[in-house]
Amino acid sequence: MKKKYIIGIVSPYELEDKRASSGTMYMLLNAIKHQGFGIRKISVNYSYKRNFVNRIKKRLYALLSKIPFVEVDRFNIIGEAKAISGSLSSDDLKSCDMLFFPFESPAMYKRRFDKPVIYLSDATFQVMVDYYYYGYNYSEIKHGNEIEKYALDHSDAILFSSKWAANSAINDYHQEPSKVHVIEFGANIDDKDIIEKKFVYEGHLHLLFLGVDWKRKGGQIAVDACKWLNENGVPATLHIVGIRELDDSIKQLPYIDYVGFLNKNVPEEYNRLVQVIKKCHCMLLPTLAECSAIAFCESSANGLPVFSHLTGGVGNYIYNGRNGYLLPLGSTGADFGVQIKACLESGELERMSVTARDVYREKLNWNVWSQKVEVIIRNILEEKNGRNK
């Protein structure tokens with residue numbers, strides 16, 4: 001019988017909260033539980049950010065940063081990391097066999113743990129600078145990299161959701177490749193919620209845009225692609241889901257269906273999302289910056305091929321000709337329109353609606369993730385126990 005080790009999950013979120021990290025923390029927790037491990041929550045305290053002294057400091061940083069040639073660490077990154085790691089309860093830490101830090105490198109800063117540590121993320125600090133993070137000065141970048149390197153250096157295993165992030169750990173932070181693992185995330189939906197649908201094309205193409213950040217997700221490119229399709233013999237509608245506010249000039253276009261933001265935890269809104277997915281033939285999400293889009297996993301699970309950009313960690317989630325196509329950054333709406341039209345007319349779009357589900361079953365689900373992570377956890381713990389005998 002497998003020993004039931006206790007894994008301490010270090011997180012500021014309630015582990016049963018399906019909304020945290022778009023559901024990723026909830027799915028991750030249950031994936032670990034599924035392999036027979038016990039779970040203990042190790043709380044991280046971020047409340048110091050809201051205290052009076054910190055608010056005064058931020059105002060002071062804002063004023064000083066306006067002075068020419070004065071470099072200010074506006075976010076006080078090192079100070080914040082020390083406060084975060086210092087908030088971990090020593091008693092809680094002692095009660096676990098292993099510590100698991102998902103997306104929580106600051107919580108490890110300058111702490112020494114007497115048990116194995118696994119760190120998980122979808123990116124490193126280095127690759128996020130000028131990709132997601134903008135406006136950081138030299139001091140902030142230096143401190144951010146210092147915190148990241150400390151976490152990586154003091155981990156027994158490092159889990160990344162893409163080769164893009166893993167390569168940064170190896171090349172930018174000089175980590176041993178043997179302790180860096182690439183394991184794709186899964187779809188944040190239960191199997192019972194996978195939508196059974198058959199590809200039926202009756203002369204009108206329905207495209208799904210699903211995201212909350214219009215600019216970063218390439219919203220205007222998606223609109224331009226849909227426009228191109230309509231102008232080039234393919235009647236099409238772009239169904240826009242997730243955007244809370246959209247310019248009226250786009251809403252009023254005849255080929256746009258603005259659905260807006262939908263909360264999957266509200267039954268009526270979830271049912272609306274299901275109906276939109278059932279209607280659509282593919283997902284068009286030409287994102288300009290992406291670590292690991294869970295939407296791509298969910299799209300594949302529901303049989304929707306994805307058309308997006310080859311950027312960040314996307315290459316671990318979309319495989320050309322199987323569950324969609326990735327175009328190079330800089331591609332226009334017309335470029336996406338051409339690719340989609342070619343796939344539709346050749347029959348490839350219909351074929352990929354089947355093979356996309358295969359990719360989900362083979363790779364982009366939390367059961368596969370949990371099996372791979374179980375091997376890593378047990379190898380580390382059993383090696384440690386062997387050394388202690």
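Start by selecting Arg378. Setting aside neighbours within four places in sequence, Arg378 is in contact with Lys2, Lys3, Tyr5, Gln35 and Phe37. Keep in mind that this is a predicted model.

Now show the C-alpha atoms of Arg378 and Lys2. They are 376 residues apart along the chain, yet 9.4 Å separates them. Which helix holds Arg378? Colour residues 366-388: this is helix α14, and Arg378 lies in it. Is Arg378 buried or exposed? Its relative accessible area is 8%, and buried means under 20%, so Arg378 is buried.

**Zoom out**

Show the whole protein chain. Its secondary structure comes to 14 helices and 12 strands. Of its 389 residues, 53% count as buried. Take the contacts in the chain with a separation of 6 or more: residues 24 or more positions apart account for 67% of them.

In soluble globular proteins, nonpolar side chains tend to be buried together. Select Phe100, Leu238, Phe307 and Trp369. These belong to the largest nonpolar core, which has 90 residues, and they touch the most other members. A second, separate core has 25 residues, including Val10, Val44, Met108 and Val180.

Go back to Phe307 and show what surrounds it. Which residues does Phe307 touch, not counting those up to four places away in sequence? Among them are Cys282, Met283, Leu284, Leu285 and Pro286. Tyr325, Phe336, Gln339 and Ile340 are also touched by Phe307, as are Cys343, Leu349 and Met352.

**Next stop: α8 and α12**

Select residues 219-231 for helix α8 and residues 333-346 for helix α12. Their axes come within 7 Å and cross at roughly 55 degrees. The two helices are therefore oblique to each other. The crossing of α8 past α12 is right-handed. On the α8 side, show Ile221, Asp224, Ala225, Trp228 and Leu229. They make the contact with Gly333, Ala334, Phe336, Gly337, Val338, Ile340 and Lys341 of α12. By class, this contact has 8 nonpolar, 2 polar and 2 charged residues.

**Last stop: α3 and α6**

Select residues 77-86 for helix α3 and residues 138-153 for helix α6. How are these two helices oriented to each other? They pack at an angle of about 30 degrees, with their axes 9 Å apart. Angles under 35 degrees count as roughly parallel, so α3 and α6 are roughly parallel to each other. Show Ile77, Ile78 and Ala81 in α3; they meet Glu140, His143, Gly144, Glu146 and Ile147 in α6. The residues of this contact divide into 4 nonpolar, 2 polar and 2 charged.

How values were computed
Residues numbered from 1 in each chain as written. Predicted model: local features only at pLDDT ≥ 70, side-chain atom pairs only at ≥ 80, totals over all residues. Heavy atoms only, no water. Axes fitted to C-alpha atoms, helices over the stretch in contact; angles between N-to-C directions. Helix = DSSP H or I, 4+ residues; strand = E, 2+ residues; numbered from the N terminus. Parallel < 35°, antiparallel > 145°, perpendicular 65-115°, else oblique. Left-handed = near helix turned anticlockwise from the far one by under 90°. Contact = heavy atoms within 4.5 Å. Nonpolar A, V, L, I, M, F, W, Y, C, P; charged D, E, K, R; others polar. Core = buried A, V, L, I, M, F, W, Y, C linked by side-chain atoms within 4.5 Å. Buried < 20%, exposed > 50% of the residue type's maximum accessible area, 1.4 Å probe, protein only.
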